[in-house]
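Subject: Structure for you to look at

Hello,

Please find the structure below. My notes on it follow.

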Amino acid sequence: MLVNAKYEKFIRDQYDELIRTRYMPHFRVLGSPNSAKAILDGQEILILCANNYLGLANDPEMKKAAVEAVEKWGAGMGTGRMIMTMAIQDELEEKAAEFKSAEAALVYPTGYTANVGAVWSLMAEGDTIVSDELNHASIIDGCRLARGTNRLIYKHLDMKDLEAKLKESVKDRAKGKTMIITDSVFSQDGDICPLPEIVELAEKYDAFVYIDDAHATGVLGKTGRGTVEHFNLYGRVEVQMGTLSKAIATCGGYVAGSNELKYYLWRRSRTYCFSTGFPDPATAGATLKAFEIIKREPERVQRLWDNTRYFKKELEDLGFNTGISQTPITPVIVGTPEKAMQLSRLLYEEEKIFVNAVSYPVVPKGTDRIRTIVNAHHKREELDYAVGAFERVGKKLDLI
Ligand SMILES: Cc1ncc(COP(=O)(O)O)c(C=O)c1O
C-alpha cells in the first residue's frame with residue numbers, strides 16, 4: 001500500500017511519544033461479563049474500578065429485558081430520530097425524565113455527545129459560561145464549540161471565585177445569558193460540588209445551572225436519583241445531564257429539563273440530529289429495566305454506600321492518601337506516574353485485583369493515582385481481601 005509520507009511520519013511520531021511517556025497502558029481484555037469478579041486476560045480477577053455502581057451490568061433481569069426488546073423491536077432502528085422515533089425510545093425518555101424529576105429528557109448516543117451537543121447548542125455568541133476548572137472533557141469540548149461565548153473558569157469548588165467570576169460576567173450581561181456548569185461528582189477525585197451554594201449564586205446573579213450527574217445518578221440521593229435529590233433542590237436546576245453508562249450499566253447519555261429544552265435540542269443539537277437513531281432496542285429495554293430496578297430496590301444504593309464507607313475508612317486507616325473523595329470513587333494518590341503504574345501492576349500480578357492507574361493529562365501532574373470504585377455487589381470478604389492486598393503492596397512500595 002502506498003502511504004502518504006507526511007501522514008505516516010505524524011502517526012509514527014505520535015505513537016512513539018505515547019510509548020516514550022508510557023501513556024500507552026496495556027488494555028486488559030474482559031473474557032466474561034463485568035462483575036465483582038471477572039475473567040480478565042484469562043484469569044479470575046477482583047474488579048475494583050468499574051462504574052457498575054449498582055451491579056446492574058450483568059443482572060439477569062437486565063439481560064432478559066434486552067433480549068425481549070430485541071425480539072420485539074429488532075436489532076437496530078435503521079434510521080435517524082429526526083425521521084422517526086420508536087415507541088420504546090419515547091418510553092425510555094419519559095422514564096429518564098421521571099427518574100430525574102424533570103418534565104422531559106432526550107437520550108444521546110453517549111454522555112460525551114450529550115454534553116458536547118447540549119452545551120454547544122445552548123450557548124451562543126454574547127453568552128457567558130462559568131465553568132469549574134476540573135469539569136469533564138465533554139463539558140470543556142462543548143464550551144470550546146460554543147463560539148463567541150465569554151468563558152470564565154472558576155477554581156475547583158471555590159464559591160468565592162465563582163462569585164467573583166459571576167460579578168465579572170455582569171459587564172457582558174446586557175448581551176446574553178449566563179450558565180454555571182459543573183460536574184456534580186468529579187470523576188477522578190470523587191468530591192461533590194456544593195450545589196446549594198451554586199444555585200443560590202445563580203439566582204443572585206441571574207444565571208442558570210447545568211449539572212453533569214454522570215457519577216451521581218444511581219449513587220447520590222436516598223433513592224439514587226442524583227444530586228438534586230441529595231440536596232433537595234427540586235425545580236432549581238435548569239439542566240441535568242447524565243449518562244446511562246455508569247450506575248445504569250448500559251450505554252448512552254441524556255439531558256433532562258423542560259419540554260422546550262428537549263425539543264430545542266432534538267432539532268438543533270448536532271451530536272443528536274446527525275447521528276443514527278439511539279438508543280437501539282437492546283439498550284432501551286435494559287435501561288428501562290434499570291430504572292425499574294433502582295426504583296424497586298433502593299437498598300442497592302444503601303449497599304453501595306455501606307461498602308464505600310467501609311472500604312474508604314480501611315484505606316485511610318492504613319495511611320493511604322485518598323484525597324478529598326466523598327463518594328464511591330476513592331483515589332489512592334501516590335504522586336508519580338511510575339508509582340501509580342507500579343501499584344496497579346503489583347495489585348494485579350500479585351493479588352489478582354484490578355485498579356487502573358491514572359496520570360496526567362487526566363489528573364494534574366503530581367497527583368498520579370490509582371482510582372478505586374467499590375460497587376454494591378462487592379461482598380464484605382472481597383473488600384477485606386482487597387484491604388489486606390493494599391496493605392501488603394503499599395508496604396512493599398513504601399507508600400504506607
Ligand atoms: C463526569 C462525566 N461526564 C460525562 C462522561 C461521558 O459519559 P459517556 O461515557 O457516557 O460518554 C463521563 C464518563 O467518562 C464522566 O465521567
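A residue is counted as near a molecule if its C-beta atom, placed from the backbone, lies within 6 Å of it. Please keep in mind that this is a predicted model.

I began with the ligand. It is surrounded by 14 residues, and the closest are Thr110, Gly111, Tyr112, Ala214 and Thr243. Helix 4, which covers residues 111–122, gives the most to this shell, with three residues. By type, the shell has ten polar, two charged and two nonpolar residues.

Next, the domains. The domain assignment of the protein chain gives domain 1 as 25–53 + 298–396 and domain 2 as 60–296. Their C-alpha centres lie 27 Å apart. Where the two touch, 20 residues of domain 1 are in contact with 18 residues of domain 2. On the domain 1 side, helix 12 and strand 10 (329–333) each supply at least two residues. That side divides into eleven nonpolar, seven polar and two charged residues.

Finally, a helix pair. Helix 12 (residues 299–318) packs with helix 14 (residues 380–396) at an angle of about 20°, and their axes are 10 Å apart. Because angles under 35 degrees count as roughly parallel, helix 12 is roughly parallel to helix 14. The crossing of these two helices is right-handed. Helix 12 makes the contact through Asn307, Tyr310, Phe311, Glu314, Leu315 and Leu318, and helix 14 through Leu383, Val387, Phe390, Glu391 and Gly394. The residues of this contact are seven nonpolar, two polar and two charged.

Regards

Notes
Residues are numbered from 1 along each chain as its sequence is written. This is a predicted model: local features need pLDDT of at least 70, side-chain atom pairs count only at pLDDT 80 or more; totals for chains, interfaces and linings use all residues. Helices (H or I, at least four residues) and strands (E, at least two) are DSSP runs, numbered from the N terminus. Ala, Val, Leu, Ile, Met, Phe, Trp, Tyr, Cys and Pro count as nonpolar, Asp, Glu, Lys and Arg as charged, and the others, Gly among them, as polar. Axes are lines fitted to C-alpha atoms, for helices over the stretch in contact, and angles run from 0 to 180 degrees between N-to-C directions. Angles under 35 degrees count as roughly parallel, over 145 as roughly antiparallel, 65 to 115 as roughly perpendicular and the rest as oblique. A crossing is left-handed if the near helix is turned anticlockwise from the far one by less than a right angle, and right-handed if clockwise. Two residues are in contact if their C-beta atoms, placed from the backbone, lie within 7 Å. Domain bounds come from an automatic or database domain assignment.
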